[in-house]
Amino acid sequence: MLIKGVWSEPWHPYQGDNQDGDFRRQPATVRNWITPDGQAGPTGVNEFAAEPGRYRLYVSLLCPWACRTLMARQWLGLSKVIKVTILDPVMGLQGWRFTSVDPDPVMGAHYLHQLYTRNDPRFTGRSTVPVLWDDARDIMVNNESADILRMLDSAFAPWSRPDATLRPEGLSTAIDDLNASLYNKFNNGVYRAGFARNQTAYEEAVADVFALLDNLEQRILDNGPYLFGATFTESDIRLFVTLARFDAAYHGLFKCNRRRIADYPALTVYLRRIYALPGIAETVNLDHIKAGYYGLKSLNPNGIIPTGPDDPFVAA
Ligand SMILES: N[C@@H](CCC(=O)N[C@@H](CS)C(=O)NCC(=O)O)C(=O)O
């Protein structure tokens, strides 16, 4: 991580744990909002007005948090409005790095942490993806995917697909409630299992993961095709990114191996249904997912990448 603007030690995945061995994710550190007229949003400062071509997302296709912003960008029809730079999926000793295929257009940086210090020369914290960057002002807007999903949905309506929204009227509270349990039990639940420091923390996390999957299987069966019936919402994006990585990475590497998503018939159809929506397949790259997760040396010292599973997105 960076300490007062200096990269301090070789990158490692642990973001801190409590006395019980639980995994703790570092809270996001830069929380400005793009708004239609540049007024400040719920947090941060003003002067980030929505404009096509002005903003850029830095992502890794390993990362579910980054990929949910990419999914929102595609689903809302903003692929020509928000630019994207894709990082190497394998974390190096200095964290996320750029590839020669998609070099950094802002400053020719080698590492993402250089953008954190370009934005704040005394920055202390982890250099995480996604990063939303303002090319016009040459500063970071936000590094919290939950905020970025909201601002893509709200501030960019003039450039979005007609009537496209991730938070349909009347569903906001229900979406927020579902998102809270999705986050704790599933999106972050798999990380709590994978990075648990003791048996109890691991078992609690795995119990959460599979209780939630059992519940969602029934929910989709009873009231599909999406989490809120016929309407695709932000919650579907949040669920999809973790489902998409589950059999390829979390089942093996994170020891979430009671069942695979392939063992849940309704969730399997749900996964394929969303994958087939326009533009979504471009946000999923199984090679990056496997290379990135199995490249985590602290969990997989020899770096061997499993050959399976079969492609979860197409029926055999
Ligand atoms: N709150 C953040 C979490 C992002 C996050 O944890 N990203 C991970 C990748 S999956 C990361 O960049 N980790 C690098 C590090 O911790 O050094 C969000 O949702 O945007």
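Which strands does helix 3 lie across, and at about what angle does helix 3 run to strand 6?

1. The model is predicted, and the points below should be read with that in mind. Helix 3, residues 145-155, lies across strand 3, strand 5 and strand 6. The angle between helix 3 and strand 6 is about 85 degrees.

2. Four strands make up an open sheet, and their order is 4-3-5-6. The pairing in this sheet is mixed. Strand 4 (83-86) and strand 6 (139-142) are at the edges with a single partner strand each, so one side of each has no neighbour in the sheet. On average, and with direction ignored, neighbouring strands of the sheet are turned by 35 degrees against each other.

3. Now the parallel pair. Strand 3, residues 55-59, pairs with strand 4 in the parallel sense, over four bridges. Helix 1 (residues 64-75) lies across strand 3 and strand 4. Relative to strand 3, helix 1 runs at about 140 degrees.

4. Next, the antiparallel pair. Strand 5 and strand 6 run antiparallel and are joined by three bridges. Trp133 has its bridge partner, Met140, in strand 6. The two strands form a hairpin with four residues between them. In the loop between strand 5 and strand 6 lies Asp138. Asp138 is not a glycine, yet its phi is positive, at about 60 degrees. I would list this residue in any table of backbone geometry.

5. One runs from Val129 to Pro130, with omega near 0 degrees. Pro130 is placed in the loop between helix 2 and strand 5. Another joins Gly224 and Pro225, where omega is about 5 degrees. Pro225 belongs to the loop between helix 6 (199-223) and helix 7 (234-250).

6. What does Thr128 touch, once its neighbours within four places in sequence are left aside? Thr128 is in contact with Gln26, Trp96, Leu112, Tyr116 and Asn143. Thr128 sits in the loop between helix 2 (113-119) and strand 5. The C-alpha atom of Thr128 is 8.3 Å from that of His113, and the two residues are 15 residues apart along the chain.

7. The ligand site comes next. The ligand is surrounded by 16 residues, and the closest are Trp11, Arg25, Arg126, Glu144 and Ser145. By class, this shell holds eight nonpolar, five polar and three charged residues.

8. Which atoms of the protein lie 2.7 Å or 2.9 Å from polar atoms of the ligand? A polar side-chain atom of Trp11 is 2.7 Å from an oxygen atom of the ligand. In the side chain of Glu144, an N or O atom lies 2.7 Å from a nitrogen atom of the ligand. Val129 contributes a polar backbone atom, 2.9 Å from an oxygen atom of the ligand. The ligand taken alone exposes 520 Å², and the protein buries 94% of that area.

9. One link between the points above may be worth a sentence in the text.

Terms used: Residues numbered from 1 in each chain as written. Predicted model: local features only at pLDDT ≥ 70, side-chain atom pairs only at ≥ 80, totals over all residues. Heavy atoms only, no water. Near = heavy atom within 4 Å. Polar contact = N/O pair within 3.5 Å; in protein donor to acceptor, adjacent residues only side chain to side chain. Areas by Shrake-Rupley, 256 points an atom, 1.4 Å probe, with all protein chains shown as cover. Nonpolar A, V, L, I, M, F, W, Y, C, P; charged D, E, K, R; others polar. Pairing = 2+ DSSP bridges. Axes fitted to C-alpha atoms, helices over the stretch in contact; angles between N-to-C directions. Contact = heavy atoms within 4.5 Å.
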